[in-house]
Amino acid sequence: MKNTIARSLIAAVAVLCAVSCQKKEPAILDPNAEPPVVGTITLASAGIAYGDTIFVSVPASDAKTLSHILVEVVSNNAVLHSATFPAGNMRQVEVKDTIPMPFGRLAPDMQVEVVVTAINKQAKTASERTSVTVSRPVFQQLYFLTSEETPREITLSPGTGENVFSASIDLPNETAGFIYSETGGKGFQWGMDAATGGAGLGSEEPIVLMDVMAGSVSEIVFNAYDFTVSPLDKPMSINGVAFLPYRRNLTDGSNVSNTLRALNVVVAKGEAVDLEVVDPGEVLFDPDFFDYEDGTLTYTGTSGTVTLYYNTLWEFVFVESQENPISTTQSYPDVLLANGWGIARPELWYYHPDWSFDRAVVFRKVSETATERVYTQTVASHNDAGFRFYSSRDWGAAFDVSKMTFTDDVFKNSGGGDPEIKPNLPAEGQPGWYKSCVVKITLTVHLSGGTITMNNEILVRSDRDS
């Protein structure tokens, strides 16, 4: 037994010795080591235009071992580009780098320096540098391409002043489109930049031309240096965010009709909002989230970031937020879903789910007691709407319309064997008739018996639906 223990101790000591012997000693830097050598920097061209690429090739070597190579582009002590290339413990390497020089607003003609630094394993360095001229692209003409179903291309020729291009035209107000550097919608593309109030390179928001005083657009003027474009009516905005035309998704070929959107608006509960070119006395903001009194519009919802949809047909602003989502994965009792035809929010002819749960209207829960739950939503409704309420995304989860109580004459039970909720309208031409409307619907679900009380308030009526 003692021999066995002794043999085990000897083996353990041997293992520990082997492990300790394998440990690498820390590297000791030689203060007398020679620095590496950086060869001549070769460029594909001594000058390029914005939007092009600088092609760099440079050799580097070291008497022993290189660590890495650093390539930088510097202008006025600002680093515009930086890339590190491991040397793979080689003595000689040749580094190749491609450096894009993006074009932008207020971009000047300028000289930049390409700086190449080699670092060896002894932390010694050596650098070489060379200069490159970066020039603004030269445009002979620019092109405004409308976003109409059949696009029109308008040539902008050099006008008065450097980098200024213009065209005499006859276009209706609110003509939307993009400016291109090449015909056929090619080359650089300028759209609308809400941050600057002018054009933005690469923006997917169209430029909307507007001359309110003249009633139509007779001339387009574009400055290719500061990206200003006219005529532009000062955009409607809230808390510094503009209401702009938008597309529902990237595959849509045109903007949403009659609706402008303000994305990511920061609001605070109880604080007044700052409006530009929007009269809250003429445009109704959803009263569930805004209060208008004595010329001041105050946000009353939960503080945070919201998206606002301004529908120009109804002159109404809908709210999308975490508190009031347009879509959700939740189901009853957290939310109720409305599905059917002719009721939705907030866009115009997309304003009905058309019996698809993918577009069902979400009614948020606003209160709950031991005996009832209350849900509400402000929606757009067509005068031929037909819909039901559901507790989940299941056709068998519909609330029984025959158990609903209507406290007013806005909607009614359609009757029949499979009833829907329908507008309760007077004859066309009679007081109260509408083609479409904005209506606030409040549902009270009574937990005993499963009955629902439906209360409705029409906020806006219109004799149009498009």
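**Salt bridges**

Modeller: Aspartate 384 and lysine 422 pair through their side chains in a salt bridge, 3.4 Å from N to O. The term means a side-chain nitrogen of Lys or Arg within 4 Å of a carboxyl oxygen of Asp or Glu.

Colleague: Which strands do aspartate 384 and lysine 422 lie in?

Modeller: Aspartate 384 is in strand β30 (residues 372-390) and lysine 422 in strand β33 (residues 421-423), so the pair ties together parts 38 residues apart in sequence. Strands here are DSSP runs of E, at least two residues, numbered from the N terminus.

Colleague: What should I know about the model itself?

Modeller: It is predicted: local features need pLDDT of at least 70, side-chain atom pairs count only at pLDDT 80 or more, and totals for chains, interfaces and linings use all residues. Residues are numbered from 1 along each chain as its sequence is written, and side-chain values use heavy atoms, with hydrogens and water left out.

Colleague: Back to contacts. Which residue does arginine 373 form a salt bridge with?

Modeller: Glutamate 368, with the closest N and O atoms 2.9 Å apart. Glutamate 368 also forms a salt bridge with lysine 365, again with a closest N and O separation of 2.9 Å.

Colleague: Is arginine 373 buried or exposed?

Modeller: Buried, at 15% relative accessibility. Buried means under 20% relative accessible area, exposed over 50%, partly exposed in between (1.4 Å probe, protein chains only). Glutamate 368 is partly exposed at 43%, and lysine 365 is partly exposed at 28%.

Colleague: How many salt bridges does the count come to?

Modeller: Nine. There is also a salt-bridge network linking Asp288, Arg364 and Lys440.

How values were computed
Helices (H or I, at least four residues) and strands (E, at least two) are DSSP runs, numbered from the N terminus.
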